[in-house]
Amino acid sequence: MKFIHTADLHIGKFVNEFSMLKDQEYILNQMIDIIEEEQADGLIIAGDIYDRSIPPAEAVSVLDNFLSRLVDKGIRIFMISGNHDSPERIGFAKSIVEEKGLYIAGTYDGNARSITLQDKYGNLNIHLLPFVKPAVVKYYLQEDKIEDYHHSVEAMIKKFDIVENERNILLTHYFITSGATIPEISDSESVISVGGVDNVDASVFEGYDYVALGHIHRPQIIGGSHIRYAGSPIKYSFSEVHHKKSVTVIELKEKGKVDIRTRELTPIHNMRKIKGNLKELMSEDIIKEADVNDYIQATLTDADEIMDPIGTLRSVYPNTMQVIIEKNIKNNENVVAFEKIKNRSTIDIYEEFYQSVTGQEFDEKRYEVMKEIIEEASGEEV
Ligand SMILES: [Mn+2]
């Protein structure tokens, strides 16, 4: 049986005030194409379906359209809520849609949600474990030792009663570590604590043939080649510019035989960083290097103040998201105490200030411009 694994769709997300909805729609269509090409039996979505607990109406209709198209093609869908989702809203009408082959675990009530499929190799059990806080698990399972995420996930997995000679898949959404190894994180996950109370050690996954993870946005394995973060389908921060986004293709044959590979996803607009002075970045050579419609983070190295850098950049790169002004600021040891400067002329002080901020010579031309400004402002000759 073949599955496509994705996670962290974050439908409705804004990145630097740009709506990602069109990009998300585009990538979801690409996913449908891959599912068809691969002739997959099912799609796994391991949490963070939406970006917020109350998603905007447009985001709901994008997901609705995506799921409906798959259901119409007879593709089974397995999904859980992540830390960004509202468990109740994700789980809405779940028992009705199950008849259509859409299996959702939103809320957790102490019962393990498990679906058993069959093919020529026998039973295949799919366990759905949504993101749940330890306090909720403790309440339902009435186990005192549940204080942290690790023990709460361990306790919830115990409820599944893994049948060892059958094939088992788990869907879940946590910060998984493996001993001292931690996953590589980005700026878009809102991981609150690293290396502390939020982590779950991969040792809890014993008995599973594949663990479909969500939460971390870079595709990667942790604690074994069969324990895998699918990663977000598109880049959600500039820390992800070098990520290769993908979906995972998992094929399970007889017990113990699992083939895992990835299919790369290509966004409408890539994310990219450029750096230089404004003139360089607006030059023909740099412009033709890549798609001007990419989402751009521009670092400007100009020494002088620039009027409306973002507007200028957007005249060529319409999707400029961020502009960082990188001044060659020298250290503070040159800052002069007030006593030392009180008897000096304004232009002298400005010269020193200019040099200490930019590290450059205050040349004749600049001197003339500044002289004029000071004279006009003070009404006195410099
Ligand atoms: Mn996420």
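These questions and answers cover the fold and selected residues of a predicted model. In this predicted model, local features need pLDDT of at least 70, side-chain atom pairs count only at pLDDT 80 or more, and totals for chains, interfaces and linings use all residues. Residues are numbered from 1 along each chain as its sequence is written, and side-chain values use heavy atoms, with hydrogens and water left out.

Q: How many helices and strands does the protein have?
A: Helices (H or I, at least four residues) and strands (E, at least two) are DSSP runs, numbered from the N terminus. On that basis, the protein has 12 helices and 19 strands.

Q: What radius of gyration does the protein have, against a compact globule of 382 residues?
A: The radius is taken over C-alpha atoms, and the globule rule is 2.2 Å times the number of residues to the power 0.38. The C-alpha atoms fill a box of roughly 95 × 50 × 35 Å along the principal axes. A compact globule would come out near 21 Å, but the protein has 27 Å.

Q: What distance separates the centres of domain 1 and domain 3?
A: Domain bounds come from an automatic or database domain assignment. That assignment gives domain 1 (2-264), domain 2 (271-325) and domain 3 (332-378). Taken over C-alpha atoms, the centres of domain 1 and domain 3 are separated by 59 Å.

Q: What share of the contacts with a separation of 6 or more comes from residues 24 or more positions apart?
A: Contact means heavy atoms within 4.5 Å. Among contacts in the protein with a separation of 6 or more, residues 24 or more positions apart account for 69%.

Q: What percentage of the 382 residues is buried?
A: Buried means under 20% relative accessible area, exposed over 50%, and partly exposed in between (1.4 Å probe, protein chains only). By that rule, the buried residues of the protein make up 46%.

Q: How much of the accessible surface belongs to carbon and sulfur atoms?
A: Areas come from the Shrake-Rupley method with a 1.4 Å probe; for residues, only the protein chains shown count as cover. The accessible surface comes to about 19400 Å², and the carbon and sulfur part is 48%.

Q: How far apart are the centres of the positive and negative side chains?
A: Lys and Arg count as positive and Asp and Glu as negative; His and the chain ends are not counted. Each charge is placed at NZ of Lys, CZ of Arg, CG of Asp or CD of Glu. The protein has 42 positive and 65 negative side chains, and the two centres lie apart by 5 Å.

Q: Is Asp8 buried or exposed?
A: Asp8 lies in the loop between β1 (2-6) and β2 (14-15). Its phi is near 50 degrees, a positive value in a residue other than glycine. With a relative accessible area of 0%, Asp8 is buried.

Q: What is the phi of His215?
A: His215 is found in the loop between β12 (210-214) and β13 (220-221). At 8% relative accessibility, His215 counts as buried. His215 is not a glycine, yet its phi is positive, at about 125 degrees.

Q: Which residues does Met31 touch, not counting those up to four places away in sequence?
A: Met31 sits in helix α1 (residues 21-38). It counts as buried because its relative accessibility is 1%. Its C-alpha is 9.9 Å from that of Glu264, 233 residues apart along the chain. The residues touched are Thr6, Leu9, Phe66, Pro233 and Val247.

Q: Which residues are in contact with Val60, leaving aside neighbours within four places in sequence?
A: Val60 belongs to helix α2 (residues 57-72). At 35% relative accessibility, Val60 counts as partly exposed. Gly12 is 48 residues apart from Val60 in sequence and 8.3 Å apart in space, C-alpha to C-alpha. The contacts of Val60 are Tyr50 and Pro55.

Q: Why does Ile75 count as buried?
A: Ile75 is in the loop between α2 and β5 (76-80). Among the residues that Ile75 touches are Ile35, Leu43 and Leu70. Ile75 counts as buried because its relative accessibility is 10%.

Q: Which residues are in contact with Ile268, leaving aside neighbours within four places in sequence?
A: Ile268 is in the loop between β16 (258-264) and β17 (271-276). At 35% relative accessibility, Ile268 counts as partly exposed. The C-alpha atoms of Ile268 and Gln24 are separated by 9.2 Å. Ile268 is in contact with Lys22, Asp23 and Tyr26.
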